[in-house]
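Please look at the sequence and the structure shown below. The paragraphs that follow lead through them step by step.

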Amino acid sequence: MANHKSALKRIRRNEAARLRNRYQHKTARNAVRKLRALENVEEAKALFPKVVSMIDKLAKRNIIHANKAANLKSSLAKHINKLAK
């Protein structure tokens, strides 16, 4: 158990941040899955900027690694380009 008032506050803050990060990460993963499942090019192109924005925010906040974000965005762009052909 924490011995200082500030340590108790920090524990509360860390838990709140952990839950927020988990929610945002799961939401982004579901959005990626949804985009990969799409077969319609127009729908995929409309959803792509929103998903990329979510991924960028996760990378900016160090929830996911920057390279993982780049790899995700690249694979999604490839998927959309393949649909367009």
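The walk begins with methionine 1, which is exposed because its relative accessible area is 88%, above the 50% that this class requires. Methionine 1 belongs to the segment that comes before helix α1, residues 5-37. Together with Leu8 and Ile11, Met1 makes a nonpolar surface patch of about 360 Å². It should be kept in mind throughout that this is a predicted model.

The overall fold can now be considered. The protein chain contains three helices and zero strands, and its pattern along the sequence is α-α-α. Its C-alpha atoms fill a box of roughly 60 × 20 × 15 Å along the principal axes. The radius of gyration of the protein chain is 17 Å, whereas a compact globule of 85 residues would have a value near 12 Å. Of the 85 residues in the protein chain, 25% are buried.

The next topic is charge. Side chains of opposite charge can pair when their charged atoms come close. How many salt bridges does a search of the whole structure find? The search finds two.

Arginine 18 is partly exposed because its relative accessible area is 39%. Glutamate 15 has a relative accessible area of 36%, so this residue is partly exposed too.

Lysine 73 forms a salt bridge with aspartate 56, and here the closest N and O atoms are 2.7 Å apart. This pair links distant parts of the chain, since lysine 73 is in helix α3 (residues 66-84) and aspartate 56 is in helix α2, 17 residues apart. Lysine 73, with a relative accessible area of 24%, is therefore partly exposed. Aspartate 56 is partly exposed as well, because its relative accessible area is 33%.

Which residues form the positive surface patch? They are Arg20, Lys57, Lys60 and Arg61. Lysine 57 is located in helix α2, which covers residues 41-60. With a relative accessibility of 41%, lysine 57 counts as partly exposed, because that class lies between the 20% limit for buried residues and the 50% limit for exposed ones.

Methods. Residues numbered from 1 in each chain as written. Predicted model: local features only at pLDDT ≥ 70, side-chain atom pairs only at ≥ 80, totals over all residues. Heavy atoms only, no water. Patch = residues over 30% accessible without salt bridge, like charges linked within 9 Å, V, L, I, M, F, W, Y side chains within 5 Å. Areas by Shrake-Rupley, 256 points an atom, 1.4 Å probe, with all protein chains shown as cover. Salt bridge = Lys/Arg side-chain N within 4 Å of Asp/Glu carboxyl O. Lys, Arg positive; Asp, Glu negative; His and termini not counted. Charge placed at Lys NZ, Arg CZ, Asp CG, Glu CD. Helix = DSSP H or I, 4+ residues; strand = E, 2+ residues; numbered from the N terminus. Buried < 20%, exposed > 50% of the residue type's maximum accessible area, 1.4 Å probe, protein only. Rg over C-alpha atoms; globule rule 2.2 N^0.38 Å.
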